[in-house]
Amino acid sequence: MTRTSRCVRVLAVLICFAVLLGGKMWAQDASESLGPKDNSVKGASTPLLHEMKTLRSSLRPELTGVHPRVYFTAAELDALRIEAHGAQKAWWNEQLQHVRALQGAPPPPPAETRRAQNDVAFAIAEAAFAYKMEGDPRYLAAAKVYMDAAVSYDVWGYSFSKPNVDLAAGHLLYGMGVAYDLLYNDLTATEREKYRNKIARQGHLLYEFFAPRPGRSWAYSQNHTFIPMAGLTVAAYSVYGEVPEAKQWAALSRAIYSRVLATYSKDGYYYEGFEYWIFATPWIIHYLDAQKHATGEDLFDQPGLRKTHLYAAHSLTPGGQMMFDFGDVFAGPVTREKTGDDYERSHPNGHFESNYNLLYDLAANYNDSEVQGVADWMKSQGHTGQEEWWTLAWRNPKLKGTPIEKIEPWHHFTDHDVVFWRSGWDAQATAIAFKCGPPEGHSATELIAKMADWHTEQGHVHPDVNSFILWAHGQYLTGDSGYAGVPKTVEHNTLLVDGRGQGNEGKGHDAWAGFSYDQMNKARITRTQLTRDSFELEGEGAPVYDSTLGLKRYLRRLTMKAPGKLEVKDVVESSIPHTFTEVLHSDAKIEPTAEQKYQTTINGVGLHMNLLLPHGVSSKIEPNIVVGPGRPGSVDKGPLESRGERALVSTSGKVTSTQFDWELLF
């Protein structure tokens, strides 16, 4: 055997060993650390160790040795069964027609296509609940088929990226935990042992990966942390008292969630974008529900969760079928054309899967009619939930919802400095969104300074400060480009300085990595005036550009005083001469119509983009080429994708100051 072949064999063994140990080796965008990160900080404190000992994470005494217990007791299931077969009979019978586990066999091992194992987890939980409602052995058999599939997956997740310790692991621990708890008394001793052993193995791997140690930090506000921890919580309470280590799982999850909640949005805006609100927020709800039911500790009183219904409502464009897509949100123009894989994922069978029903749980916990009303309105738009069965448990049918017309059609999320305005809640309303704040809100500045064990990961937040999105006449007229593997400022309606954008763009998925948060925090909305018929918004975006550029001012003012006319006026000043370029986007072709005038027509709706100042600009129109997201672990290695067109207009030479005045007519 040659030396080279021996080295290859040794390397193969090491890789397999790493996988078996829970995947300490993986390919990843080097600028991202989505869960824990080990830092070379000597003598660093480990507050999680203290919180694991002091925060509540033990089962309520009356639930010890009892199943079910994580989300429901037997008596509570009896009450839900009466509801399902009574007042909710028609709705419930409709849900039974779509039980995943009866639609076909689970994917065979290794099941590593995107989100395949996530779907297995949802199928397990749904079938187990359906069986407890119906007592039909078909649901029990189907649940066990999918649970056996989960057992057969040696790697939970992707063997090539964070095996056994990432999102799929959290999903499957949740699904298996829910089913083990609900079906405990319907399983044989042999089946219980088989499923419990798998939960124990996977829970151990996940715990070891996230466990505290000196110098370690966690991306508390990032979904790759709080989704796995929610799954570990459900698994812990499902096997509590049977798997000794489960106590440690519950304690770790509770400690980490103390910081997840501390770093969560203060104003309701979700910084990772609406796609990730849909994907991630249910897991915070699943954690809070499990913690409340299993331990008696109610952690729902969070300012951002009390306002998240406003984010959900305002993120939807008029008509409720598309969204204002700041950040990593589906595929932009491709999704809006109802084509591509992302459209089928976002709108399965043509229905927007917004997970609106999680708002019912918040409404019930807060006894809040406005939250209930937003959920009712989203449902009336034809929205669905990925786990629609939870609506039976979450919705309080006695709570009357506030009609959407009673909610103001505009909102300023003051911590993140994002404004949404619309002329009304009808499908033909004109609407705009404007963004001019730091990625995780102004309040994060103080938290970052206080929490040495929190490292931020803002890869899903684009370099898009002072950008805007416009919707009118039932169409998305100008705005963002969707999910990007390497997000860039040129993909948004904002400013370039000598062709350079904001933050540290272009170096990976996280455009903000290594950029001072204190500096970003200086970007802000400086003026808002919002009425039924008009608005005036103003934002200062200069601080998010590299300080070496010497940009002193990038003041953008957006004004609408009459229907069909948006004025955009920008004042730009620098201590160093630069060529300044502004960008406007369209999902369709952009055509010049006269000097400094452009037009685009989208599904019959026209937008005229007239540049009044400065004079003598140079301009070009080009395809909006975006680096699409790569596979998990290599998100910045995706393919180039064409998503609409963009117009770029630049000062005729290098200047220290200029003014861009746009008139957008629609």
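## Exercises: strands and a sheet

β17 pairs with strand β18 (residues 640-650) in the antiparallel sense, over nine bridges. Strands here are DSSP runs of E, at least two residues, numbered from the N terminus. Two strands pair if DSSP finds at least two bridges between them.

The model is predicted: local features need pLDDT of at least 70, side-chain atom pairs count only at pLDDT 80 or more, and totals for chains, interfaces and linings use all residues. Residues are numbered from 1 along each chain as its sequence is written, and side-chain values use heavy atoms, with hydrogens and water left out.

**Exercise 1.** Find the residue in β18 that stands opposite Val 626.

*Solution.* Go to Val 626. Look across to β18. The residue opposite is Glu 641.

**Exercise 2.** Trace the antiparallel pairings of β19 with β12 and with β16.

*Solution.* Begin with β12 (residues 565-578). Ten bridges link β12 to β19 (residues 655-665). Here Leu 566 stands opposite Leu 664 in β19. Next, take β16 (residues 605-613). Five bridges join β16 to β19. Leu 611 stands opposite Trp 662 in β19.

Conventions
Helices (H or I, at least four residues) and strands (E, at least two) are DSSP runs, numbered from the N terminus.
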